[in-house]
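Please read the report below with the model open beside it, and follow each part on the screen as it is described.

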Amino acid sequence: MKTDALIAALAADTTPRPSPGARMVRVLPLAVALSLTALLTGWHVRADLASALGSVAVYKTAVPLALALSALWLARGLARPEARAGREWALIGVLMAGLALALAWGLAVTPVPRIAEILDTPDYANCLISVPVLAALPLAGALWALRAGATLHPATSGAAAGLIAGGAAAAIYSLHCPHDHLMYFFPAYGVAMAGVTLAGALLGARLLRW
Amino acid sequence: MRPSESLSWEALMHAANRGDQRAYARLLGEIAPVVRGIVRARGGALGAEGCEDVVQEVLLTIHLKRQTWREDAPLRPWLYAVTRHKVIDALRARGTRVEIPVEEMAEILPAAEGVDPFEAHDMERVLGQLDPRAAQILRAIGIDGDSTAETGAKLGMTEGAVRVALHRALKAVARLRERMIE
């Protein structure tokens, strides 16, 4: 087939292709709603949810949510092959720097035996399992949406998809979890989100090539 | 540079995104020599036909990824990024490793149109692997120059069904080519 013939065939194909952003809008709210429903039915929300969300403990919900939204922004930027996504990276960088400072401060003011005591609960393992479980659907949705993109960095885009999913799942799980200490947040929520991000990177490296 | 009635690539793609087939055909026709120039500059060892296979692969990718161009951005940086990615990928799959510095993309001259038929091989093999109806539709529209309506009349399908089949056929072609060179 000659190139002119191919061009004629391509031009006749006017079926619009969905953009990654359009697919995100279609699939992510649904995936997150399903994960939220799963938490409300399979787990239970913490007894003091209302007062927790009105206190400083709301950070356990807000920080993962902020990470998820900034990862969403980054993923959308990376899906364009010519874009550098500089501002998106800067926002992620600021958030990560803030978290690193918080972690350093938490380690400085909390003695190690106290951290061990905080983590000595079956809820810890529960968190490390629950967050990835709740992240599975959003991760599948985000990767599917990004397959409509044209990223030059499949693993990085996959990691962003992982952070979208991990952040959303951690925010959802926080409605259940009664442990509010910063030194619980990092080993539990932080590690769980990092795990989902890593899974996203590994999957993205395969699924987001084009 | 170009005749005064010529439209910018952005305007053509903008119209194409709204279903203007003539604008889109014209845009792809103008893009093809640019892509061909880049492929020949880097993959000359593949020979004319081998190069044209890569050109067609790039055009197919441009088509299937066109939604990742943002309409308020210039088209060329996007086009160069897609082309560069796909050319490097296609040449690597054929055993040639190339580097294309981004800043050189715009400096490579478009290939001159000649009597060269721009026949490529891979596409024939792919058409052979496609289901017969899909191949028939691609040939009718591409080679015979039929419209989707004419193709539908010829094959006893509605125009809408031809459109859907054409879209699926092009996606299948991209998938088959990917598998063929791996």
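The model is predicted, and its chain B is built with eight helices and zero strands. Read from the N terminus on, the elements of chain B therefore follow the order α-α-α-α-α-α-α-α, as a helix is counted from a DSSP run. How does the radius of gyration of chain B agree with that of a compact globule? A compact globule of 182 residues would have a radius of gyration near 16 Å, and because chain B has 17 Å, the two agree. Along the principal axes, the C-alpha atoms of chain B fill a box of roughly 50 × 40 × 35 Å. Of the 182 residues in this chain, 39% count as buried. Among the contacts in chain B with a separation of 6 or more, 64% are between residues 24 or more positions apart.

Chain B is divided into two domains, domain 1 covering 1-115 and domain 2 covering 121-182. Their centres, taken over C-alpha atoms, are separated by 22 Å. Where the two domains touch, domain 1 of chain B brings nine residues and domain 2 of chain B brings ten residues. On the domain 1 side, α3(B) gives the most, with seven residues, and the residues of that side divide into three nonpolar, two polar and four charged.

Chain B also touches chain A: 40 residues of chain B are in contact with 27 residues of chain A. Which helices of chain B each supply at least two residues of the side that touches chain A? They are α2 (21-43), α3 (47-64), α4 (75-93), α5 (122-129), α6 (132-142) and α8 (159-181). By class, this side of chain B has 21 nonpolar, twelve polar and seven charged residues.

For chain A, an unreviewed UniProt entry places the feature "transmembrane region" at residues 27-45, 57-77, 89-108, 128-146, 158-176 and 182-205.

Terms used. Residues numbered from 1 in each chain as written. Chains lettered and ligands numbered in written order. Predicted model: local features only at pLDDT ≥ 70, side-chain atom pairs only at ≥ 80, totals over all residues. Contact = placed C-beta atoms within 7 Å. Helix = DSSP H or I, 4+ residues; strand = E, 2+ residues; numbered from the N terminus. Nonpolar A, V, L, I, M, F, W, Y, C, P; charged D, E, K, R; others polar. Rg over C-alpha atoms; globule rule 2.2 N^0.38 Å. Buried ≥ 20, exposed ≤ 12 C-beta atoms within 10 Å, placed from the backbone. UniProt positions renumbered as here; feature names shortened; annotations may be inferred. Domains from an automatic or database assignment.
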